[in-house]
Amino acid sequence: MTEISDKKKLPDAVKRFVLHWGDMGDQWGVNRSVSQIHGLLYLAERPMTAEDIAEALGMARSNVSNSLKELLSWNLIRRVPILGDRRDHFEAETDIWEVAARIAAGRKEREIDPAIAALRACVSDAADDPAISAVASKRLKEMLAFTELAERWYTQMLKVPRPRLVALIRLGEKVVNLLPSGKSRGGE
């Protein structure tokens, strides 16, 4: 884990959260420093400069600068002007539902949309290629159908008002009991 210096002593709970958030981000394929900075800004009481962040986390200023650019591109943080200070200050989005929605939108754009495009091209190419086995062609079509279904579900969930979405999530598996029972696995 990237070490947090004691130059600007962080409370233990903040330090633990920042390290854990960085570790989680790393497991999800996000640079650990980016995730740690996001975690720090998420818990910060007021906007912070890049210098404040570098000092608090014991990171190189260049690393902080690059990480802030990435967080800005994900729309997870924003620049905040401070009267009388020419430096850039940053704060994180603190509505956790909004954070989750922005992360999901970014992942969809960077991962799901290109996957669907690639799978469509593969299915199309497979249809025209006699060297492709029926098994491979079928599996490509199944993977495309699954990925498109997941994308449609994501798009539908964007339209659900937050209170109803919260209620839906809290219902959990109880929703399954409302559905007609079926014997097939994985079908629509």
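Two strands are taken as paired if DSSP finds at least two bridges between them. Helices (H or I, at least four residues) and strands (E, at least two) are DSSP runs, numbered from the N terminus. The views show a predicted model, in which local features need pLDDT of at least 70 and side-chain atom pairs count only at pLDDT 80 or more, whereas totals for chains, interfaces and linings use all residues. Residues are numbered from 1 along each chain as its sequence is written, and side-chain values use heavy atoms, with hydrogens and water left out.

**View A. The open sheet of three strands.** The 3 strands are arranged in the order E1-E3-E2, with antiparallel pairing. E1 and E2 stand at the edges with a single partner strand each, so one side of each has no neighbour in the sheet. Strands of a sheet pair through backbone hydrogen bonds, either parallel or antiparallel. Strand E1 (residues 48-49) is joined to strand E3 (residues 85-92) over 2 bridges, and Thr 49 stands opposite His 89 in E3.

View B. Strand E2 (residues 77-82) runs antiparallel to E3 and is joined to it by 5 bridges. Arg 79 has Phe 90 of E3 as its bridge partner, and Ile 82 is partnered by Asp 85 in E3. The hairpin has 2 residues between the strands, and Gly 84 takes a positive phi near 85°.

**View C. Helix H2 against helix H4.** The axes (lines fitted to C-alpha atoms, for helices over the stretch in contact, with angles from 0 to 180 degrees between N-to-C directions) of H2 (residues 32-43) and H4 (residues 61-73) come within 9 Å and cross at roughly 75°. The two helices are therefore roughly perpendicular; angles under 35 degrees count as roughly parallel, over 145 as roughly antiparallel, 65 to 115 as roughly perpendicular and the rest as oblique. In contact (heavy atoms within 4.5 Å) are Ser 33, Val 34, Ile 37, His 38 and Leu 41 of H2 with Asn 63, Val 64, Ser 67, Leu 68, Glu 70 and Leu 71 of H4. This contact of H2 with H4 comprises 6 nonpolar, 4 polar and 1 charged residues, where Ala, Val, Leu, Ile, Met, Phe, Trp, Tyr, Cys and Pro count as nonpolar, Asp, Glu, Lys and Arg as charged, and the others, Gly among them, as polar.

**View D. Helix H3 against helix H4.** H3 (residues 50-57) packs on H4 at an angle of about 120°, with their axes 9 Å apart, and the pair is therefore oblique. On the H3 side the contact is made by Ala 50, Glu 51, Ile 53 and Ala 54, and on the H4 side by Arg 61, Val 64 and Leu 68. By class, the contact of H3 with H4 holds 5 nonpolar, no polar and 2 charged residues. H4 also lies across E2 and E3, running at about 110° to E2.

View E. Leu 40 lies in helix H2 and is buried (under 20% relative accessible area; exposed is over 50%, partly exposed in between, with a 1.4 Å probe and protein chains only), at 5%. Apart from neighbours within four places in sequence, Leu 40 contacts Leu 10, Val 14, Val 18, Met 48, Ile 53, Ala 56 and Leu 57. Leu 40 and Ile 53 are 13 residues apart in sequence, and their C-alpha atoms are 7.9 Å apart. Thr 147, in helix H6 (residues 134-158), is likewise buried, with a relative accessible area of 11%. Beyond its neighbours within four places in sequence, Thr 147 touches Ile 112, Ile 116 and Leu 119.
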